[in-house]
Amino acid sequence: MIPSGPLPVPRLGPYPDRPRPYPPGHPPHLPIRPLWVCRACGLPWPCAEARLLLKVEYDASPVDLAIYLSGLYHEATHDLFRLNPHDGPTPRELFERFVAWGPYRRGLVDPPTGDR
Ligand SMILES: [Zn+2]
């Protein structure tokens, strides 16, 4: 059945609003878009501090962290490829930076099998 009214608009990626400021009142380690550098320390986001805070903040919900990071990977890829289409970071570099350090992952390469 065709729904009446407008079709749902596809969801955009998550808004990068985590990690929360810690200690409270200090500048949050959040990205400045579209550059994806940390607004607190100026390093490529997620900086080490942001990763640490995200791991703590999402300690009880690693799946949510994996989804959040994957969504921001999409967003950052969109921004950075448009910003610098020729010599920006590669997809693999962005994947490692945004997704691969997080929870619920396998290695980028499957381990060899059948050697025993
Ligand atoms: Zn930072």
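Colleague: Why is His 29 called buried?

Modeller: Its relative accessible area is 13%. Buried means under 20%, so His 29 qualifies. Keep in mind that this is a predicted model.

Colleague: Where does His 29 sit, and what is in contact with it?

Modeller: His 29 lies in the segment before strand E1, residues 31-32. Its contacts, leaving aside neighbours within four places in sequence, include Pro 19, Trp 45, Glu 49 and Leu 53. Cys 38, Cys 41 and Cys 47 are also among them.

Colleague: What makes an atom a donor of the zinc ion?

Modeller: The protein donors are ND1 of His 29 and the SG atoms of Cys 38, Cys 41 and Cys 47, at 2.0 to 2.3 Å. Those distances fall within the cut-off, so these atoms count as donors. Along the chain, the donors are spaced H-x8-C-x2-C-x5-C.

Colleague: Is Cys 38 buried or exposed?

Modeller: Cys 38 is buried. Its relative accessible area is 2%, against a limit of 20%.

Colleague: What stands out about Trp 36?

Modeller: Trp 36 has a positive phi of about 60°, yet it is not a glycine. It lies in the loop between E1 and E2.

Colleague: How do you know that Trp 36 is buried?

Modeller: Its relative accessible area is 0%. The limit is under 20%, so Trp 36 counts as buried.

Colleague: Which peptide bonds are cis?

Modeller: One joins Tyr 22 and Pro 23, with omega about -5°. Pro 23 is in the segment before E1. Another runs from Trp 45 to Pro 46, with omega near 0°. Pro 46 sits in the loop between strand E2, residues 37-38, and H1.

Colleague: How do helices H2 and H3 cross?

Modeller: H2 covers residues 62-83 and H3 covers 91-100. Their axes come within 9 Å and cross at roughly 140°. The crossing is right-handed. Leu 69, Tyr 73 and Ala 76 of H2 are among the residues that make the contact, as are Leu 94, Phe 95 and Phe 98 of H3.

Colleague: Which residues of H3 are buried, and what covers them?

Modeller: The buried ones are Leu 94, Arg 97, Phe 98, Val 99 and Ala 100. Their cover includes helix H1, residues 48-57, and H2.

Colleague: What makes Tyr 68 buried?

Modeller: Its relative accessible area is 6%. That is under 20%, so Tyr 68 counts as buried. Tyr 68 belongs to helix H2. Beyond neighbours within four places in sequence, its contacts include Pro 14, Tyr 15, Asp 17, Leu 54 and Tyr 58.

Colleague: How far is Tyr 68 from Val 99?

Modeller: From C-alpha to C-alpha, Tyr 68 and Val 99 are 9.1 Å apart. In sequence, 31 residues separate the two. Gly 102 is 34 residues from Tyr 68 along the chain, and their C-alpha atoms are 10.0 Å apart.

Colleague: Why does Gly 102 count as buried?

Modeller: Gly 102 has 5% relative accessibility. With the limit at 20%, it counts as buried. Gly 102 lies in the segment after H3.

Colleague: What share of contacts joins residues at least 24 apart?

Modeller: The share is 52%, among contacts between residues at least 6 apart in sequence.

Key. Residues numbered from 1 in each chain as written. Predicted model: local features only at pLDDT ≥ 70, side-chain atom pairs only at ≥ 80, totals over all residues. Heavy atoms only, no water. Donors = N, O, S within 2.8 Å, 3.2 Å for Na, K, Ca; no water. Buried < 20%, exposed > 50% of the residue type's maximum accessible area, 1.4 Å probe, protein only. Contact = heavy atoms within 4.5 Å. Axes fitted to C-alpha atoms, helices over the stretch in contact; angles between N-to-C directions. Helix = DSSP H or I, 4+ residues; strand = E, 2+ residues; numbered from the N terminus. Left-handed = near helix turned anticlockwise from the far one by under 90°.
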